[in-house]
Amino acid sequence: MSKTKHWNILVPNGAGKEELIKKLSSQSVILPDVNGKETVLYSAIALAKYIREEEVHDIYEVTNDRGQTLKSMSSGERKRALLAHILKSKPKAIVLDNPLDSLDIAGREALMVQIEVQSDTVSMINVVSRRRDFLTFADESLCYENGQLIPLVANTEGSVEVNFDQEIPAPISPVILNEEVLIYMKDVKVSYGDRCILQHISWEIKRGEFWQLKGPNGAGKTTLLTMITGDNPKAFGQDIRLFGYQKGSGESVWDIKRNIGYYTSTMTYEFWRNQSIEYMIISGYYDSVGLYDRPTELQRKRTEAWLDLIGLKEKKDKPFVDLPIGWRRLVLIVRAMVKHPPLLILDEPTSDLDDANTGLMTALINKIAKESNTAILYVSHQDEPGLTPDKVYHLLPSETGSVGSEEA
Ligand SMILES: Nc1ncnc2c1ncn2[C@@H]1O[C@H](COP(=O)(O)OP(=O)(O)OP(=O)(O)O)[C@@H](O)[C@H]1O
């Protein structure tokens, strides 16, 4: 019996990863060794589709051994559950789309083991943006460029010039808030069933501060975020003050949400229709993707200034979905920032990006932190080279739930 073959394929952002994945999934002859084999796709987009099925149709196809839905799992748990689900159909080949992305060191190792265990019988086609995500057991490493797979040569990862010259545009009518302390939590605890996720969380975020929230996969970062965004009913009855409102004092969801600009990398894969790049940014003034009013002249002007800053002024009428991933991320961050909200939450903003685009993203975030009075909460399991937060809040997992501490 012939040996099962495996590949690493490096695709720098903008080189056409989606097109390559389509080719690999449609049995085109791009990789002759797997031609004719049915391939299954393992990707953030596949995950997003299953989560949408949960939300929209109450269909729960992928669960874990605790019986949890995908929506309630951490990113690491979701990735492991999706792989286990895919393997049940005994595929001959799996196209892995940045499989190790957003995983911490332990999560990466666990998923690698899960993949390698199957490698005797399943061909792995590992499509990645960064070389550090290569499979060690792959037989061949290639690069995708100009629609072709070519042998990988040293350092094909390009560099993007980071050059945000102008100052960030001012808000039109800033959200009025007199509080100095935006988020206050004292001895907060969150449990699901008899499992304690977070305990003794005492934390304050003040106006204009730049925080990173750090912790390994499953430590409870997203859970803690939901306490801040007002989305978690477990916040009731606890000593939490959000933008001056004591939790449970009759505040509405809008009282909280209007103070927050929110961006998460999964928004990149949401089902935006054919909106233009300009439209996407203007919609940030309306807290929705549908524009119900005609944008004002001033909104258009400020949008143009933001577009100029991120180098997309000339492309403003082009469809947002056609932009390379790094620029789509910049647009979505700008969209969350246009109103200069008191708090900007950035959840795993660099996941799926190559080194060049990661540099672009961190430069924009540092700039927003420096030139605005918006507090930033940057959430990630890892340190990002070049990012300059003032403070780091670290969640450390333990048997009895994660505890938080401020890193010196
Ligand atoms: N509604 C829920 N029901 C049961 N368990 C939950 C629920 N929400 C979260 N959890 C569990 O809480 C733990 C922390 O999850 P959370 O998503 O907050 O971690 P995280 O630090 O954001 O992880 P990651 O970096 O992987 O995204 C996980 O083990 C998750 O399964």
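Modeller: In what follows, a residue is near a molecule if its C-beta atom, placed from the backbone, lies within 6 Å of it. The model under discussion is predicted.

Colleague: With that criterion, how many residues are around the ligand, and which of them come nearest?

Modeller: There are 18 residues around the ligand, and those that come nearest are Ser72, Ser74, Asn217, Thr222 and Thr223. Helix H3 (75-88) and helix H5 (221-228) are the elements that give two or more residues to this shell.

Colleague: How do the residues of the shell divide by class, and which domains supply them?

Modeller: Twelve are polar, four are nonpolar and two are charged. Domain 1 (7-151) and domain 2 (181-407) each contribute at least three residues to the shell.

Colleague: What does the radius of gyration say about the chain as a whole?

Modeller: The chain has a radius of gyration of 22 Å, which agrees with a compact globule because 408 residues would give a value near 22 Å. Its C-alpha trace spans about 70 × 55 × 45 Å along the principal axes. Buried residues make up 38% of the chain. Of the contacts with a separation of 6 or more, 72% are between residues 24 or more positions apart. The chain holds ten helices and 16 strands.

Colleague: Which residues other than glycine have a positive phi near 50°, and are they buried or partly exposed?

Modeller: One of them is histidine 200, with phi near 50°; this residue is found in strand E8 (residues 195-206). Histidine 200 has 14 other C-beta atoms within 10 Å and therefore counts as partly exposed. Glutamate 348 also has phi near 50°, and lies in the loop between strand E13 (343-347) and helix H10 (355-371). Glutamate 348 counts as buried because 20 C-beta neighbours lie inside 10 Å, and the threshold for burial is 20 or more.

Colleague: In what sense do strands E15 and E16 pair?

Modeller: Strand E15 (residues 391-396) and strand E16 (residues 403-407) pair in the antiparallel sense, over five bridges. Valine 392 stands opposite glutamate 407 in E16. The hairpin has six residues between the strands, and glycine 401 in this hairpin takes a positive phi near 110°.

Colleague: Where is isoleucine 310, and which residues does it touch?

Modeller: Isoleucine 310 is placed in the loop between helix H8 (297-309) and helix H9 (325-337). Leaving aside residues up to four places away in sequence, isoleucine 310 touches Leu330 and Val334. Isoleucine 310 is partly exposed because 17 other C-beta atoms lie within 10 Å. From C-alpha to C-alpha, isoleucine 310 and leucine 20 are 27 Å apart in space, with a sequence separation of 290 residues.

Methods: Residues numbered from 1 in each chain as written. Predicted model: local features only at pLDDT ≥ 70, side-chain atom pairs only at ≥ 80, totals over all residues. Helix = DSSP H or I, 4+ residues; strand = E, 2+ residues; numbered from the N terminus. Nonpolar A, V, L, I, M, F, W, Y, C, P; charged D, E, K, R; others polar. Domains from an automatic or database assignment. Buried ≥ 20, exposed ≤ 12 C-beta atoms within 10 Å, placed from the backbone. Pairing = 2+ DSSP bridges. Rg over C-alpha atoms; globule rule 2.2 N^0.38 Å. Contact = placed C-beta atoms within 7 Å.
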